Amino acid sequence: MSATKTEPWDAVKYLVTEADMASYLAAALEEDDPAVFVAALGDVARAKGMTQIARETGLGRESLYKALSAEGNPEFATVMKVVRSLGLRLHASTA
């Protein structure tokens, strides 16, 4: 019997369209955990191209990787710059 080969799951492989990206971020917001949203935003930024996002936001690529990781704690201004550079908007609604 041969061993099963596995590889780590990476959301970036499935974030192909802007609709995929928006849905993924909306689902992350539903989790009510800022760390989940920040990590999801990092996934979307990687799917779009972190170098392009860094150029459009005026932020360093390495600092974006760090800020948008699961352990990151970006400023709200950074989050908004990344969201805008992705061509997305955040929306508020009643709970």
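**Close-up 1. Helices α2 and α3 cross at roughly 100° in this predicted model.** Helix α2 covers residues 34-48, and helix α3 covers residues 50-57. Their axes come within 6 Å. Angles of 65 to 115 degrees count as roughly perpendicular, so α2 is roughly perpendicular to α3. Two packed helices are described by the angle between their axes and the distance between the axes.

**Close-up 2. Residues from both helices make the contact of α2 with α3.** Helix α2 supplies G42, A45, R46 and K48. Helix α3 supplies M50, Q52 and I53. What kinds of residue are these? Three are nonpolar, two are polar and two are charged.

**Close-up 3. Helix α1 runs from residue 18 to residue 30.** It has 13 residues. From the first C-alpha to the last, α1 reaches 18 Å. That is close to the 18 Å expected at 1.5 Å a residue.

**Close-up 4. Helix α1 has a buried side, with M21, L25 and A28 as its buried residues.** Seen down the axis of α1, these buried residues fall within an arc of 55°, so they line one face of the helix. An α-helix has 3.6 residues a turn, so residues three or four places apart point the same way. What covers the buried residues of α1 includes α2.

**Close-up 5. The other face of α1 carries exposed residues.** Here, turned away from the buried side, are A19 and E30.

Terms used:
Residues are numbered from 1 along each chain as its sequence is written. This is a predicted model: local features need pLDDT of at least 70, side-chain atom pairs count only at pLDDT 80 or more; totals for chains, interfaces and linings use all residues. Side-chain values use heavy atoms; hydrogens and water are left out. Axes are lines fitted to C-alpha atoms, for helices over the stretch in contact, and angles run from 0 to 180 degrees between N-to-C directions. Helices (H or I, at least four residues) and strands (E, at least two) are DSSP runs, numbered from the N terminus. Angles under 35 degrees count as roughly parallel, over 145 as roughly antiparallel, 65 to 115 as roughly perpendicular and the rest as oblique. Contact means heavy atoms within 4.5 Å. Ala, Val, Leu, Ile, Met, Phe, Trp, Tyr, Cys and Pro count as nonpolar, Asp, Glu, Lys and Arg as charged, and the others, Gly among them, as polar. The expected span of a helix is 1.5 Å times one less than its number of residues. Buried means under 20% relative accessible area, exposed over 50%, partly exposed in between (1.4 Å probe, protein chains only). The arc is that of the directions from the helix axis to the C-beta atoms.
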